[in-house]
Each structure stands twice: as structure tokens, then as C-alpha cells.
Amino acid sequence: MFMHDDPLLNLRRGGGGRAWIRKDPALTASVSILWALIGLFILFPLVSLLAGVFFVKGRFTVENLLEILSTRHQLIAFWNSLWLAFLVGTIGTILGFLFAFTACRTRVPSWLVSVIDGVVLLPLISPPFTTAIGMIFSFGARGLITYHVLGIKGATVYGLWSTLFSEVLTYFPIAYLALKPMLNGIDSNIERMALSLGAGRLRVFRTVTLPLCIPGLANSFLLLFAASLADFATPLILAGNAFPVLPTQAYLQITGMFDIRGGAVISFALLVPSLLVFFLQRYWVSRRVYVTITGKGAGQLAFDSVSAPVAWLLGALCLFVTFTIFYLYALLLFGSMVKALGANNAFTLNHYKVIFTEGAKAIRDTLIIAAFSMPLGGLYGVLVGYLTAKKSFPGRLSMEIASMLNYALPGTIVGIAYLMAFNAPPIELAGTALIIVALYVFRYGATGIRTTVATLSQIDRSIEEASESLGASSSFTFRKITMPLIAPAFFSSLSVVFIRSMTAISATIFLVSINWTLITVRILENITELSLGPAAAFSVFIVVVVFAVMGVINAAMRRFKSPGAAR
Amino acid sequence: MTAVEVRVEKISKRYSHAVKGDVFAARDVSLKVEPGEFLTLLGPSGCGKTTTLRMIAGFEKPDSGSIHIGSEDVTFLSANKRNIGFVFQNYALFPHLSVFENIAYGLEVRGRTKAEIRREVGEVIELVGLTGFDRQFPAQMSGGEQQRVALARAIVIRPQVLLLDEPLSNLDAKLRIQMREEIFQLQRRLSITTIYVTHDQEEAMAVSDRICIMNQGELIQEGSAEDLYYRPRNPFVAQFIGRVNMVEAQVLSMSRERLSVEVFGTRLSINRGALNPTIGGHVTLVLRPESVDIERSEGSGSSATGRVVSKTFLGEKIEYILECSDQRLKVMSIDRGWGSGPGKGEVVALTFFEDTIAALEDPKP
Amino acid sequence: MKRRNALVFFLTLTFLAIGLMSAVAQTVNVYSIWPENWARPMFEEFEKATGIKVNFVRFSSGEALARVIAEKGNPRIDVLFGGPVETFAAGIAEGVFEPYKPPVFDKLEPRFRQKDGYWVAIADDPLCFMTNNQFLKENKLQPPSSWEDLLNPAYKNMIQMADARTSGTAVTRIFSILEVNGRNEDKAFAYMKKLRPNVQLYTKSGGGGTLPVGLGQAGAGIFFIVDALDTKAKGYDVAISFPREGIGSAAEAIALIKGAKNPGLGKKLIDWATSAEMQKYFAKYKINFLPANPDVTPEASLAAVLKNAKLFPIDADYAGANRERIVNRWVAEILNP
């Protein structure tokens with residue numbers, strides 16, 4: 001069924017669906033293959049999950065769900081998850097806004113902005129426990145800060161506040177990266193004008209700047225809310241037992257109580273809010289943000305939204321937060337190079353020796369899997385983005401939604417779904433690398449869909465029509481015209497898939513096996529076995545590798561751009 | 001390659017608008033382009049000319065009707081199989097390819113050898129006057145240069161039909177005039193059947209063999225520039241092409257070919273055309289500004305007079321606005337030198353060039 | 001289409017790689033519940049002795065059992081190595097083990113073997129109390145010598161112990177408390193409820209609390225002696241003590257997986273691990289397990305530590321039968337008060 005009553009849509013797609021498919025074999029082939037893959041690796045696992053939750057011995061029942069949800073323990077976990085996500089969303093957005101505002105609207109020196117950009121990037125590209133390790137050492141009963149510096153006795157690092165702290169530090173960069181271009185895109189002339197009309201700076205901020213930012217702020221809030229809701233690793237280490245959250249509970253249910261069904265049910269409770277937030281963010285809020293940004297405001301003069309003293313204050317705050325992050329990572333680096341952090345601070349490179357010998361298998365496995373996932377994930381994102389944005393075929397909208405599902409859902413859910421789907425015949429992939437690669441491709445490759453669609457929207461359709469008019473088939477046009485123009489989107493997608501492949505844990509922890517193991521899982525094991533040296537060393541290794549690969553990808557992207565190619 | 005004809009038979013395209021309901025972008029449009037002819041679709045924006053062009057190109061599928069290029073029915077053929085050349089309003093050059101590569105693109109698609117491509121692209125580059133620009137990229141070139149590349153790209157593949165969608169509207173006035181001349185010359189040289197879309201009537205008249213005027217999705221009238229100018233078949237056409245005075249006149253008598261009417265106190269005999277008015281009834285005269293000659297009234301024998309309300313010196317001509325019998329009349333007069341012609345406030349006598357006046361049915365009040 | 005070919009190529013490569021890995025001759029696949037530091041040296045010695053390579057992954061006892069059960073239809077491993085016996089007892093009920101009696105079977109004490117041969121013990125591991133000396137000094141306390149000592153308000157929020165859902169240490173601990181209270185569940189749970197306010201954290205793995213106690217982030221914990229002594233050996237300032245009411249000792253076992261792909265190799269590993277061949281290395285690698293094999297004498301310092309401790313074995317059958325129920329009750333009543 002087409003929803004092509006919008007004349008713009010009609011004119012854009014060049015009319016009618018079915019007739020064109022028969023005449024365009026490349027299109028038909030691509031769509032069919034994609035549906036087959038999406039069906040196998042996205043829909044089938046989710047159906048298996050739902051079947052496991054709702055069907056006992058062939059009968060439909062909500063017993064499982066009710067039983068688990070009426071357990072006080074799980075209900076607490078449910079509300080905790082929501083509450084934590086809400087806090088992270090709010091505080092993280094505020095923090096991200098603080099940073100974005102300072103970077104765009106005050107005259108802080110550009111070197112400072114570069115430094116902030118660099119440090120803020122760290123949490124995004126490192127494994128999820130990195131801040132947690134540093135936190136335990138800094139804020140525990142014998143913590144570096146709480147005990148040695150502040151002399152507080154019996155402080156506990158476990159619970160809501162440290163989890164919140166760690167998650168905010170980990171996720172606020174997302175808000176920062178989302179809000180910065182938005183603030184940049186708002187024409188500062190608007191604010192200047194308000195100023196010239198006699199409004200004080202605070203009033204300008206309140207009545208002009210802030211309202212324009214509201215869609216962006218809402219967008220960030222939802223992004224962070226979803227991220228926190230799905231976070232498995234940080235609460236596992238920092239939340240303690242006083243503050244259980246759903247992803248961790250699901251994991252413990254499966255791994256501790258060998259109850260896959262129970263774990264599936266718990267994760268199902270997570271599914272509903274996650275999907276809700278995802279669709280809200282994607283189909284309502286972010287659309288309005290996009291509209292705000294398209295007014296290109298590049299190249300405008302720096303504008304002082306605030307007076308100098310306030311600017312200094314903001315700058316100082318940002319520096320403080322940046323320094324905190326830096327400190328935690330420095331602690332990590334330090335911990336990787338001393339014998340036993342906190343007890344024996346003798347310098348040693350033994351931990352690195354350990355990770356490259358005993359951990360060599362994990363390193364090799366992780367890199368191999370990442371190397372395979374990267375191009376496949378990039379291709380997936382670009383292909384789906386291109387087809388859903390530019391071509392018309394039956395079920396286009398359904399494909400758009402289905403392709404994003406694994407990304408929308410928390411990793412725990414997807415991991416459990418894969419476990420349930422592929423653990424037994426007819427399709428048995430458990431224990432292979434393929435299942436992990438598939439997870440990465442269809443989960444993280446989906447980020448490329450958005451980027452591709454955005455890039456494509458900047459390419460006028462007349463360019464593709466020009467190619468068509470010159471006699472080129474769909475695939476020729478795609479190869480020679482579209483692909484080079486969306487190369488930037490492809491490369492950024494490569495980056496994302498690689499970073500996520502190196503740092504993912506919440507889904508893949510269910511999928512490692514005797515044959516294939518991942519660095520992040522080893523880090524978790526090391527942390528729980530309290531071999532913090534190797535854990536830190538592994539983490540440093542990941543950060544370095546990710547930086548290096550990203551550098552290579554960026555260099556390749558620059559070389560790829562010919563003079564005069566699309567921005 | 002011999003030129004082919006293009007035959008469009010009653011094509012329509014409809015879409016649903018949220019506010020307006022069902023709207024026809026094009027309704028029952030039929031036209032025929034002779035081989036090698038330069039046909040222009042002319043009309044205001046939203047009239048359906050671009051939609052029609054795009055349907056001929058294959059970018060849109062008509063809801064009904066048929067399109068033939070040469071002897072082939074291409075109605076359901078996709079654009080890339082129609083062997084057309086299309087020039088876009090925004091040029092649509094491939095930003096990541098050089099001028100040479102842009103032009104070579106269509107030949108590449110057709111699987112020509114490198115040597116052939118080099119030769120043919122070289123020829124066309126010279127043809128459009130872009131020698132030396134081979135390695136430039138579109139972003140480094142001016143609008144006019146880009147348009148030439150777009151043109152070159154479309155013609156190098158020797159299309160059966162050349163389609164141009166308002167190719168000059170993004171250029172400044174002087175460049176537009178220069179470019180339209182070049183396009184005209186090029187088309188003459190290559191003898192490709194060409195369909196051109198524009199909203200600029202002067203442009204249309206300058207380059208076309210025939211013009212089709214469209215409005216609100218329908219083809220209103222087609223013919224040569226002169227046909228449309230001097231023999232408009234309805235007020236829309238009359239007012240769209242050139243400047244015009246629409247004047248009411250009373251029918252005194254009529255013969256098989258001519259009409260005798262009274263206007264401004266004088267009697268005129270004009271071409272009757274296809275009209276069938278009642279004696280004593282009214283018709284509307286299409287009076288071009290240059291169809292009236294004025295001179296100082298003393299000593300003239302004309303009974304039609306008017307007073308000069310304004311006089312504007314425009315270089316090679318003078319524009320007068322006269323008041324005659326309570327109507328305003330725009331009159332164009334050739335300048336004969338400084339200070340020539342009647343001045344403001346003067347009473348002048350009007351002489352009419354009857355062969356240049358057309359009559360239209362009086363619109364019902 | 002080039003893209004599709006590339007995809008097929010990569011997939012083929014992947015499958016080949018996997019195939020290759022499992023095609024390496026003479027490899028036995030193992031889940032080890034023992035931490036890597038201890039499992040790895042043992043497996044290396046095994047390879048030295050027999051030429052058979054051990055491919056292993058480490059999981060805590062709950063996770064390991066969960067995996068084995070989940071993989072029941074298509075087992076990926078041959079042997080489950082280490083871990084407290086109640087984990088194995090629970091596994092028997094799920095039908096995941098294959099009975100096998102190694103040569104030393106009859107030589108072992110009855111508590112160190114399952115009568116049908118579903119599991120055999122490779123070590124014995126008593127629980128103990130471990131406390132941070134600084135903490136004791138600051139609070140003017142002696143190392144706890146009774147279960148009741150841990151109820152002291154000075155310990156508020158300063159004790160770390162294992163989570164019963166994932167750790168065998170915790171299950172052993174809970175069954176010790178049950179045993180000390182004459183298997184009266186209500187009495188035992190009443191004690192644990194009283195203890196709750198003093199618990200800072202329930203850790204995922206059994207030894208998870210040792211470092212915090214060593215560092216002083218926590219004041220005390222209940223651990224297996226292996227973990228406690230390991231912490232002390234690393235140089236942390238801790239004290240080890242035992243309650244006078246008695247504390248449990250859990251046997252560490254090994255079992256053959258039903259439907260294993262390399263049963264022959266698995267049996268060889270079991271033979272080796274249950275014999276003095278492996279257990280003589282405990283002393284060498286400073287692994288403070290008590291050997292299950294009577295031919296191996298416990299290492300001197302270990303024996304010294306345990307000299308006056310009142311230890312009792314955990315009844316594997318009783319624990320195995322009631323594990324799930326007790327753990328569920330623990331989760332409901334103790335974990336989240």
C-alpha cells in the first residue's frame with residue numbers, strides 16, 4: 001500500500017511502484033535480498049523472543065510476564081531503570097547544552113574548544129566500564145578522593161549516584177554532539193537583533209535562544225534516555241544491589257538462574273519504553289530539529305550570548321567536567337601500568353604482556369569480527385538508506401522501520417533474542433563468529449541509514465534524473481553517481497560500526513562462546529575477578545586502536561573527496 | 001542521424017492536493033513536434049509545461065494518453081531507455097566529475113571506447129565553446145559555463161529528442177540573451193528535435209519554430225510566434241504574449257472574412273477569424289501598442305483622438321499612455337530623434353494598422 | 001553483483017576460519033569455573049603431560065551451568081571444570097552430565113564423588129572470614145570468630161559477599177548458615193536478614209569482594225580460602241578467621257558433558273585432574289585448594305591456616321535438591337529487603 005497522496009512525494013518518486021520494479025531488476029534484487037536478511041537477522045530473533053515470552057508449550061499466555069512483573073524485585077528494577085534514565089537524560093542534556101553553548105556562543109579560545117572536543121570524544125569510543133573502574137578507585141570506602149583527599153569514612157561507591165555520575169559522563173557527549181551543530185545553525189543575528197532592541201542578555205537567552213533550542217533539547221533528552229535505559233555494563237559494576245536495573249536483572253536471570261525465558265521476559269519490560277522513546281525521537285522530535293538546522297548559519301561572527309564573567313564561569317565549568325573525564329582516563333592508564341592499583345604502585349608493563357599473551361585470542365577474535373562487521377555494516381546502512389530514501393517499492397516504510405529495530409532496542413534484548421533464535425535448529429549459529437558479525441551489522445549498521453538519508457537529501461534528485469536521462473540503469477547510477485556522493489556517509493558509518501564492534505558488550509555477552517570471545521567480555525571478567533590491571537590494559541588498548549582506525553578512516557575519507565565533490 | 005517526430009496524445013497527470021483536492025498537472029495535452037523542429041512550451045508557473053516535458057522525458061508516468069518518439073510508443077518506457085537528452089534548470093552536473101567526465105558520462109553508459117569518447121567529447125566541447133575546460137569541476141565554473149556543460153552532456157549522445165527545462169532562468173538577463181542565441185544556433189546546426197520549456201515569452205519567441213501556450217494544465221494555443229501574437233484565440237494568450245490593449249468594440253457589420261467594428265469613434269475593418277458575433281453586439285479587440293500610430297491631431301483626417309497622459313522615453317522607442325474615450329491605451333512609437341513626437345497633455349490623432357488587430361469574443365459579463 | 005560476491009566471500013572465509021579452529025587436532029573444550037589464574041597453569045601442565053590442548057572459557061558457576069543447560073541439545077564443550085559441587089548437583093537434575101568414573105574413583109572419600117560418577121571432586125575449598133586489618137584496628141575489633149560477630153553495627157555497610165544467583169561461593173555460604181542453624185530455614189533467613197544492613201554489596205563472582213576488603217573499601221567478607229589467601233599473598237593487609245560454630249567446605253568438582261564431541265579427550269582430562277598428577281601442582285602454583293586426592297598432602301602453610309578451623313562438608317545432594325528454591329527465597333527476602 002502506498003502512502004503517496006502527498007503530491008511532493010509523488011513527484012519525487014517518479015510515480016507508480018510495481019511497474020517500475022519489474023523493469024528494474026537491480027532494484028528488485030536488492031530489495032529482496034535486504035528483506036531476506038532483515039527477516040532472518042532482525043525479525044526472526046524478535047519473534048523468537050516474543051514467542052518465548054508469550055507462548056508456553058504452544059499456548060499463548062501472559063503468565064510469564066505477569067509473574068515476573070509482579071515480583072517486587074523486578075518491579076523495583078523497572079522503576080529504577082526509568083528513573084535513572086530520566087535523570088541521565090535531564091542532567092546529561094543540561095551538561096551537553098552547557099558545553100555546546102560555551103563552544104558556540106561565548107568567545108572561548110578555539111584551542112579550548114578543540115581540547116574539549118577531544119576529551120569529550122573519549123567516553124564515546126571506549127568500552128563502557130572505563131569510567132566505572134576509575135570511580136571505584138576514587139569514591140569507594142578507601143577511595144582516592146573520598147578517603148585520601150576528603151577523609152570521608154565508609155563512603156560507598158555503589159548505588160544510584162555513582163551510576164548516574166558515570167552514565168552522565170559517558171553519555172553527555174552525545175547531547176553535546178547533537179546540540180552543537182544545532183546551536184551553530186541558529187543564526188546569531190536573531191539574538192543580535194533582540195539585543196539591539198534593548199533586551200538584556202539573560203532575557204535574550206530566555207526568550208529567544210532557549211525556545212529555538214527546545215526541539216534539540218528534547219531530541220537529546222530522548223537519545224540519552226534511551227542510552228541509559230539500555231546500559232548494561234555500568235550498572236552491573238556500579239549500581240550494587242540497592243539499585244537494580246532491568247538490563248542487569250535480565251542478564252543475571254539468564255546467567256545466574258539459567259533461566260533464558262525469565263531473562264527474555266524481564267527484557268521485554270524494557271522493550272516497550274525503548275521502542276516508545278525511539279519512535280518519539282525519530283519520527284517526531286528529530287524531524288523538527290532538522291528543520292531548524294537547515295538554515296545554514298555557517299561563517300557567522302562569534303557572538304557573545306553572555307557577559308564576560310559568565311562566559312568565564314561557563315568555561316570553567318566545562319573545563320572542570322573535562323578534567324574529571326581526563327582524570328578518570330588517566331587513572332585508567334595509571335592502573336594499567338602499576339602492579340596493583342591502590343596497594344602496590346610499582347611500575348610494571350606486565351599487564352600489557354598478559355593481555356597480549358593470554359588475551360591474544362580475545363584481541364584476535366575481536367579484531368577479526370570488527371574487520372568483517374565494518375564493511376558489511378557500512379554497506380547495510382548505505383544500501384537501506386538509499387533504497388528507502390530514493391526508491392519507491394511496496395513495503396518501503398515497513399523496511400525503513402524494520403531495519404532500525406535492532407538499533408532501537410537495548411542490546412540486552414537483541415542479545416537474548418539472538419540467543420533464543422539461533423541456539424537450536426533450524427538455524428543454529430550460536431557459537432560462531434557469524435552470529436556476532438550479524439549482530440553488529442544489523443544493529444550498528446543501522447546508524448548508517450540515517451546518515452545516508454541525510455546526505456542523500458542534500459543531493460538534488462535532478463542529479464540522478466540526469467544520469468537516468470543519459471541512459472544509465474539504476475545500478476549504474478548508484479555505482480557511479482550516488483555512491484561517490486554518499487561516500488562520506490559510508491565512511492562515517494564504517495567508523496561507527498568499528499567503534500561499536502570494539503566496545504559493545506550488552507548484547508554480545510550472551511553470544512560469546514568457546515570459539516569466539518571478545519575483549520569487552522574479558523574486561524568484564526577481569527573486573528569481576530578483580531584483575532584490574534589487565535582490565536585497564538585492555539581498555540587502553542581498545543581506546544588506542546579505535547583512535548588509530550578512526551584516523552585512518554578519516555584520512556581515507558579526505559583523499560576520497562575530489563575537488564568540487566559534495567561537501 | 002535523421003531527426004524524429006514527437007507525438008503526444010491526450011496525456012494527463014493528476015494528483016491529490018491536501019487543500020485543493022484533485023488537481024490536474026496536465027490535462028489531455030496533445031501536441032506534435034515535427035522532426036528537427038524547435039518547439040517551446042510556454043506559460044506561467046504551475047501551468048503544466050514542466051510536467052508535460054518530464055512525462056515526455058520519462059521522469060513521470062502519465063495517468064492516461066500516449067507518447068511516441070519516432071515510431072516507438074514510449075509511454076511506459078523508463079527514461080533511461082528513451083534516448084533523450086535533458087537539460088535541467090539547475091544544470092544537475094555531477095559535482096564529483098570533471099567537465100570531461102560529465103560530458104563523457106552518457107557515452108560511457110553506451111559502452112563507447114575510450115578513443116571514441118575522447119573524440120566525441122572533444123568535438124562537443126568545442127561546439128559549445130568550452131575548449132580548455134576539460135579538467136575543471138562544476139563548482140569552479142560560472143552559471144553560463146555550467147549550462148554549456150549541461151548542454152554538451154545532453155547532445156553528445158546524439159539523442160533523438162533534446163528536452164530543455166527552463167535552462168536559462170538561473171542566468172542574468174544579458175547572459176540569458178546570449179545563451180539563448182547559442183542554443184538556437186546549436187539546434188539549427190544539429191537539427192535535433194527539440195522541446196523547450198520557459199515562462200519567458202520573449203525567449204520563446206526568439207528561439208522557437210512553434211510555441212505551445214499552456215495554462216492550468218491545458219494546451220491553450222499553439223502556433224508560430226506571429227500566429228500567437230497577431231492571432232491569439234483567447235484573452236489569455238493575447239495577454240500572455242507581448243503587451244496588449246484589450247479594447248471593446250461594437251460590431252457594425254461582417255462579411256465572410258472581415259468584421260466591421262466601431263471603436264474610439266472610428267470605424268475599423270479587421271480580420272474576422274473564427275468569430276461569429278451578433279451585429280450590434282460587442283467584440284474585444286486585441287490591440288498591440290505598435291498597432292496604433294499617433295500624430296499631432298491638427299491636420300489629420302482621423303476621427304479617433306486621444307490625449308497623451310504619459311510619455312516614456314525607452315531608447316529605441318517611446319511609450320505613450322493615451323486616454324481615449326475613457327479608456328487607457330498603451331501605444332508604442334518609434335523614436336525619431338530628440339524631442340520628436342507629441343508631448344504630455346497633447347491631443348493626438350490615432351491611426352490603426354488594421355491588419356495587426358485581432359478580435360476575440362466578448363467575455364460574458 | 002560485486003556487493004553480493006563480496007558478502008559471500010566474507011561469509012565463506014568466516015566459516016572456513018571457524019572450521020579451521022575446531023579442526024586443530026587434539027583439543028578438548030572446557031568451561032572453567034576456576035578463575036583463569038588457576039585454570040590456565042593447570043591446563044598448561046595438562047598439555048605438557050599429554051600433548052592435548054585445552055580450549056577454555058571462564059564463567060562463574062551460575063553462568064557456566066546456565067550455558068551448559070542452554071547448550072544441552074548441542075553441547076559445545078566436553079568438560080565442566082571446577083566449581084562447587086552444588087552446581088554439579090543441580091546439573092545432574094537437568095541431565096547435562098555423562099557419568100564417568102576415573103581410575104582414582106574408589107580411592108576418594110565418599111563426599112568427593114557422586115555415587116553414580118556424574119561428578120568427581122578435584123579439590124576441597126573451605127569458606128572463611130576475611131577482614132581488613134586497618135578496619136579492625138580503627139574499630140578496635142578482633143577478627144570475627146563467630147557468625148554473630150558479623151552482626152556488630154561497626155560492620156554496617158562494610159561487608160561484601162557473593163550474589164547467590166551467580167556465585168557458588170554464595171550458595172556454599174548460605175548452606176553453611178543453614179547447616180549451622182540445624183537446617184532450620186526460618187532461623188537461617190532470620191540471621192541473614194539481620195546481617196543485611198551490614199552488607200555493602202553482593203558481588204557477581206565469589207572472589208569479587210576480596211580486593212575491596214584488601215584495599216579497605218570494605219571491612220570484611222566471606223570467601224573461599226583460595227581467594228582469601230590469594231589476596232593475602234598479593235600483599236594486602238588482611239586477616240583470616242573462622243567462626244567457632246563451624247563453616248562449610250565445598251568440594252570442587254569436574255564432570256563429563258553428555259553428548260560431548262570429544263569424550264575421549266574429556267575423560268583423559270578428568271583422569272588427570274582427579275589424580276595426584278594435577279593436584280600436586282597446587283602447591284607449586286600457590287593455589288590454596290585442599291587436594292581431594294588422598295595421595296597429595298596439603299601444602300604446609302595452608303594446613304597451618306586451617307589447623308583450628310571447624311569445617312564441615314556441604315551435603316551435595318541436599319544442596320542440589322534445594323538450591324533453586326533457597327536461592328529464590330534469598331532473592332526475594334534478602335537481596336532486596
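Two strands count as paired here if DSSP finds at least two bridges between them. Keep that in mind as you go, and remember that this is a predicted model.

**Stop 1: a hairpin in chain B**

Select residues 210-215 of chain B, which form strand β9. Five of its six residues are buried, so β9(B) is largely enclosed by the rest of the structure.

To see one pairing, click on B:M214 and look across to B:L219 in β10(B). Then zoom in on the turn: two residues lie between the strands of this hairpin, and B:Q216 takes a positive phi near 55 degrees.

Next, bring in residues 38-42 of chain B, strand β3. β3(B) runs parallel to β9(B), with four bridges joining them. Here, B:T40 has B:I211 as its bridge partner in β9(B).

**Stop 2: a helix in chain A**

Move to residues 461-469 of chain A, helix α22. Is this helix largely enclosed or largely open? Seven of its nine residues are buried, so α22(A) is largely enclosed by the rest of the structure. Colour the buried ones, among them A:I463, A:E464, A:E465 and A:A466.

What do these buried residues pack against? In chain A, show α17 (360-390) and α23 (474-485).

Finish just after α22(A), at A:G471, which takes a positive phi of about 105 degrees.

Key. Residues numbered from 1 in each chain as written. Chains lettered and ligands numbered in written order. Predicted model: local features only at pLDDT ≥ 70, side-chain atom pairs only at ≥ 80, totals over all residues. Heavy atoms only, no water. Buried < 20%, exposed > 50% of the residue type's maximum accessible area, 1.4 Å probe, protein only. Contact = heavy atoms within 4.5 Å.
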